[in-house]
Structures are given as structure tokens and as C-alpha cells.
Amino acid sequence: MRHAILGDIHANLAAFQAVLEDIETRGGFDEIWCLGDIVGYGPEPHACIELLQQYKSACVVGNHDWAAIGRIDILDFNPDAARACRWTAKQLTTEDADYLQSLAVKLTRGDFTLVHGSPRQPIWEYLLSVDGAKDNFSDFDTRFCLVGHSHVPLIFRQTKDGNCFVTEIPDTISLEYEKHRLIINPGGVGQPRDGDPRASYAIYDSDAQVIYHYRVDYDIAVTQKKMVEYGLPLPLALRLNYGH
Ligand code: ZN
């Protein structure tokens with residue numbers, strides 16, 4: 001089975017479609033593992049939910065998904081994110097909202113735990129440092145954990161003595177030869193923040209026991225034009241150019 005690991009789509013339909021097309025050229029996939037924040041920031045929340053629902057998927061909920069359906073307070077968001085969130089809430093159909101409402105906070109699939117933020121705090125915690133990641137290895141039981149939320153592709157490894165180290169995610173991770181427990185962030189599809197504006201995602205091939213990490217160009221201007229047209233905050237559109 002091939003699993004497309006997609007995090008932080010953020011209502012960026014052009015990026016989402018580019019990723020799906022890229023996967024097709026690489027042999028396709030059987031199921032999407034979605035790491036939350038399907039909506040928020042971007043201009044096409046309804047279309048992204050609709051497209052995701054066309055595929056078999058295991059999907060966890062993100063903070064922006066919950067904010068869009070009023071399950072968390074947008075006072076916790078910065079002003080631009082809060083404005084985008086209020087706009088997003090108005091674009092959702094009842095079915096879209098029901099779908100977001102139905103999503104689990106944490107899922108387990110084989111050797112993998114799926115969460116948006118961290119295993120310890122699935123909605124809110126950003127895993128960007130060794131100190132933060134280190135304590136989180138005791139909060140999941142599987143060998144591997146997949147996270148989103150920071151939009152930065154990273155891999156944390158837990159050593160036998162309980163220490164932890166972090167690296168950029170390599171193009172290929174062979175799980176058969178992997179001695180460590182791992183927390184893996186595939187990066188963001190719809191709003192990358194590692195200084196590379198290309199959409200970031202991964203494929204897990206369970207037969208080969210390999211995870212592949214890919215970057216894909218997409219038409220950023222298409223997304224930006226819609227954001228301007230719909231009156232979404234300009235800084236949210238401009239940041240897509242820089243991957244910040
Ligand atoms: Zn996000």
C-alpha cells in the first residue's frame with residue numbers, strides 16, 4: 001500500500017492539486033494520511049474538503065479546522081489568522097462543518113500514530129526543537145509518529161538511551177534499517193514555512209517500508225489572486241512567495 005502523507009493543506013487548492021498530480025506521476029497512492037489543517041489561511045476551504053473526500057483517507061483534525069467550526073477560540077490566533085478564520089467559517093457548507101467535526105484528534109495506523117501538533121498536545125504543540133520532541137516520545141506507543149502544524153519538514157530520532165536528535169527530512173527513509181523511533185513532519189502542502197515555497201509532502205510505501213519526501217512547484221499566483229479577490233489578509237498571500 002502507498003500512503004500519501006499530507007499536512008497543512010490550508011485551503012490551498014492549487015498546491016493540493018499539484019501534489020496529487022505529482023503523486024500520480026510517481027505511481028499513485030491507495031490512501032491519504034492527512035495531518036490536519038485542511039482549512040484556514042487559504043482561499044478554497046470548501047473545494048479542498050470536497051477534493052479530500054474523493055479519496056480514501058485517514059485524517060486527524062488541526063487547530064484551524066477546529067477554529068473554523070467554533071470548537072476553539074480564535075482569540076488564540078494572530079489577527080490575520082483570526083480574520084482568515086472568520087472568512088473560512090462562512091465558506092463551509094453544513095456538510096463541510098460536519099466532516100471537520102467528525103475528525104479524530106489522534107489516529108493509529110499500523111506502526112504509525114497520526115496527530116496534527118504533537119502526541120502530547122495533538123492540537124496546539126509545535127514540535128520544532130529537540131527539547132520539545134524528546135518528552136513526546138513517551139506519549140505514543142507506535143514506532144513512528146507523523147505530525148504537522150509547524151509546516152517545517154523535520155525528523156526527530158529517539159536514541160536507545162532516551163536522547164533525541166533532529167535533522168532535515170531526507171529524500172528517502174528506509175524504515176527496515178531504521179534503529180530509532182521517529183517523529184516525522186512531512187512539511188506543509190499549502191503554506192510551507194521552511195524558506196522553500198514549494199509544496200512539501202511524503203509517501204509511505206508499506207510494502208517497501210520506505211518513506212519518500214518530495215517538493216512540488218505549484219502556481220502560487222493562482223492562490224494569491226483568489227486570496228486578494230476574496231479580501232483575505234495580504235501578508236498571508238505574500239508569505240506564500242517565500243515559504244515563511
Ligand atoms: Zn497549519
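D135 is partly exposed, with a relative accessible area of 43%. In this predicted model, the side chain of D135 meets that of R120 in a salt bridge, with an N to O distance of 3.9 Å. The two residues link distant parts of the chain, R120 lying in the loop between β5 (112–115) and α6 (130–136) and D135 in helix α6, 15 residues apart. R120 is likewise partly exposed, at 34% relative accessible area.

Ten salt bridges are found in a search of the whole structure. One of them joins the side chains of E31 and K56 (4.0 Å, N to O). Because E31 belongs to strand β2 (residues 31–34) and K56 to the loop between α2 and β3, this pair ties together parts that are 25 residues apart in sequence. E31 counts as buried, at 7% relative accessibility, whereas K56 is exposed, at 52%.

In the salt bridge between E178 and R157, the closest N and O atoms are 3.0 Å apart. E178 is located in the loop between β9 (172–174) and β10 (181–185) and R157 in strand β7 (residues 154–158), so the pair ties together parts 21 residues apart in sequence. Both residues, E178 and R157, are buried. A network of salt bridges links D194, D196, R198 and R215.

In helix α5 (residues 94–102), the buried residues are D96, Y99 and L100. Viewed down the axis of α5, these residues fall within an arc of 95 degrees and therefore line one face of the helix. T94, E95 and S102 are exposed on the other side of α5. The elements covering the buried residues of α5 include α2 (45–52), β3 (57–59), α3 (63–68) and α4 (79–91).

Technical notes: Residues numbered from 1 in each chain as written. Predicted model: local features only at pLDDT ≥ 70, side-chain atom pairs only at ≥ 80, totals over all residues. Heavy atoms only, no water. Buried < 20%, exposed > 50% of the residue type's maximum accessible area, 1.4 Å probe, protein only. Helix = DSSP H or I, 4+ residues; strand = E, 2+ residues; numbered from the N terminus. Arc of directions from axis to C-beta. Contact = heavy atoms within 4.5 Å.
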